[in-house]
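Please read the following points beside the sequence and the structure. They are set out one topic at a time, so that each can be checked on the model.

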Amino acid sequence: MFDFKSLVSSLLSKNTPASGVAQSATLLVRDLPQAEYFTALVEIIKAVSKINADSEMSLKERIKTLLYVDDKAAGIHHQLCQDYLHSRGGSKGYLPTILAYWHELASAYQICLRLYRGSPNQAGDAELQLVTTRGLHHQMRLLAWNALRYLKPEGSAWQQGFRFYTYAEEAGFARSPILLYPDAKQEISCEHLLVQAGMLHLAQTENMLHKEIVAVDQLLMLICQNIPLDKQPPVEMPVFVYNLSLPEPPQPMLRGMAGKWHRYWSSYEITTRLADLMFDLDTRIPSQIAALDCELEREEWSVLCEKLAVRWSSDGGKSLRKSERSLHSSGAQVSIGFDRVAFHIKVQDVGGLEADRTDEWRINDISSTGMGLTFIGKTIDQLAIGRLILVKTETHPLLLGVIRRILRQNNGTKVGIEILGQTPVGVSLQDPSQPDSSPFSAIYITQPNSRKGQRWFLMPKMLLNDDKQLVLSAQGKSYQIKLKDPQQEFEDCSHSNFDTLSKMD
């Protein structure tokens, strides 16, 4: 067992000289046992924080130490990221540490650049380029992981990134690609990183699944190479623009967007590369995409690429709502997740929603096909794209929907839902091949109560199978049914049409 306690005590001791802090941080990553990755990364972050707070350390020693520690810790950090993204055992609590690593090192590199302005002879050009590019990379990773958490980033997050990029421009290496780490497979430049982050923002990730956001993020690292970020608008459309003087994300270029702080790029080449991939996806997964190791099948990649092509179009790709919404302000009682929703509907205990509610829900707007709500609460683990949601209001019948959009903001989490229908009915399903097993809960919306003119039959995913026969029981009656197309999977359940074969005694 590695003795982290004594090491941290040394790092955090006021009597430890600057050189001792650097040496301890270096020894930590050099002697790191693989079984202690998470604990070690926590201590590495503390070590970097200690370096950031030490005003006596020379710039030369600071850069040398930070680059070395970052070199050795990057692999550890990457492994923790992969564990978290794949929901491996024990990884749920990794998120604060994953983010703290990027945040602390981005701050550390920002300090290096400030000190360099006062003592330019203490660092070489190659070191300064690496410090700047890594700093921008870490800052952009924070923005990307905000997207993964459906969290709208504060303007300061963009502003910190702009500071790194502005320095790179001034130093003349914004377009010069380098290997971020010795074992990196792809060279990247500061320009590449800023365009990639901008295109990820313009992908409108608030209504994408986690695995889709991860896929878009990785895909962009491939197709954003060598896209120029210019001080004058390019000829080819569509054009997007950053204003480096404002703490704001990029946006489609509009009339009057000009000035010395504006940086423009065309997504024409990006969408052309995307179109080539889409052509290949008609028959196979291209090798470049297969190498990304994302959790998408070929059909899912095709749908995602089509979605991106629309969103990166000339008008920014803002999809129009199917029905115009009207403003509506009132409270709501909400239940989330197929199992909970099915329970409340089946026992007809809608009042139980009120007893379960520990956070506040407010309705913002509503239409015949959708609804916008605001969730005032800290725990959003229950929220997921594609998950069922049951909404009770004073002015509408009981509504069943599916979550289609999530955006976390300072004043609450905005949740957009597609309404499937009203007055859902709870039913039971029995597999005739397993007569002794307990029945499954399911949800049924009749055609007259459906918002799409089709009935909705929602059941556990394990039961979805073409031509599968089941026994449906509701209101004291039983029917033998056979599942058929159309079929559709949601995040926590499945929908299938069905034929009624016979009524059972």
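1. Aromatic pairs. Two rings of Phe, Tyr or Trp (for Trp, its six-membered ring) form a pair if their centres lie within 6.5 Å; planes under 30 degrees apart count as stacked, over 60 as edge-to-face and the rest as tilted. The model is a predicted one, and it holds 15 aromatic pairs.

2. Tyr116 and Tyr167. One of these pairs is formed by Tyr116 and Tyr167, with 6.4 Å from centre to centre and 80 degrees between the planes. Because planes over 60 degrees apart count as edge-to-face, this pair is edge-to-face. Tyr116 belongs to helix α5 (residues 95-118) and Tyr167 to helix α7 (residues 155-171), so the pair ties together parts that are 51 residues apart in sequence. Are the two residues buried or exposed? Tyr116 is buried, at a relative accessible area of 15%, and Tyr167 also counts as buried, at 7% relative accessibility.

3. Tyr444 and Phe457. A further edge-to-face pair consists of Tyr444 and Phe457, whose ring centres are 6.2 Å apart and whose planes make an angle of 80 degrees. Here the partners lie in strands: Tyr444 is in β13 (residues 440-445) and Phe457 in β14 (residues 456-459), so the pair ties together parts 13 residues apart in sequence. Both Tyr444 and Phe457 are buried.

4. Other arrangements of rings. Which residues do ring pairs link into a cluster? They are Trp158, Phe162, Phe240, Tyr242 and Trp265. An aromatic ring may also have a charged side chain over its face, as with Phe498: Arg455 lies over this ring, at 4.0 Å from its centre.

5. The model contains 20 salt bridges. One of them joins Lys211 and Glu300, with 2.9 Å between the closest N and O atoms. Lys211 is part of helix α9 (residues 210-223) and Glu300 of helix α12 (residues 298-311), so the pair ties together parts that are 89 residues apart in sequence. Lys211 counts as partly exposed, at 29% relative accessibility, and Glu300 is likewise partly exposed, with a relative accessible area of 30%.

6. Lys307 and Glu212. The side chains of Lys307 and Glu212 also meet in a salt bridge, at 3.4 Å from N to O. How does the accessibility of the partners compare with the limit of 20% for a buried residue? Lys307 counts as partly exposed because its relative accessibility is 22%, whereas Glu212 counts as buried because its value is 10%.

7. Glu269 and Arg273 form a salt bridge at 3.2 Å, N to O. Both residues lie in helix α10 (residues 268-281), 4 residues apart, which is about one turn of the helix. Glu269 is partly exposed, with a relative accessible area of 35%, and Arg273 is partly exposed, at 22%. Elsewhere, salt bridges with shared partners join Asp70, Asp71 and Arg134 into one network.

8. Strands β12, β15 and β16. Strand β15 (residues 469-474) is antiparallel to strand β12 (residues 425-430), and 3 bridges join the two. Strand β15 also runs antiparallel to strand β16 (residues 477-489), to which it is joined by 6 bridges. Leu472 in β15 stands opposite Leu429 and opposite Tyr479 in β16. In the hairpin of β15 and β16, 2 residues lie between the strands, and Gln475 takes a positive phi near 55 degrees.

9. Arg387. Where is Arg387 found? Arg387 is in the loop between β8 (370-376) and β9 (388-392). Because a residue counts as buried under 20% relative accessible area, Arg387, at 19%, is buried. Apart from neighbours within four places in sequence, the residues in contact with Arg387 include Ile336, Gly337, Asp381, Gln382, Glu491 and Asp492. Gly401, Val402 and Ile403 are also among its contacts.

Note on methods: Residues numbered from 1 in each chain as written. Predicted model: local features only at pLDDT ≥ 70, side-chain atom pairs only at ≥ 80, totals over all residues. Heavy atoms only, no water. Buried < 20%, exposed > 50% of the residue type's maximum accessible area, 1.4 Å probe, protein only. Contact = heavy atoms within 4.5 Å. Salt bridge = Lys/Arg side-chain N within 4 Å of Asp/Glu carboxyl O. Lys NZ or Arg CZ within 6 Å of the ring centre and 35° of its normal. Pairing = 2+ DSSP bridges.
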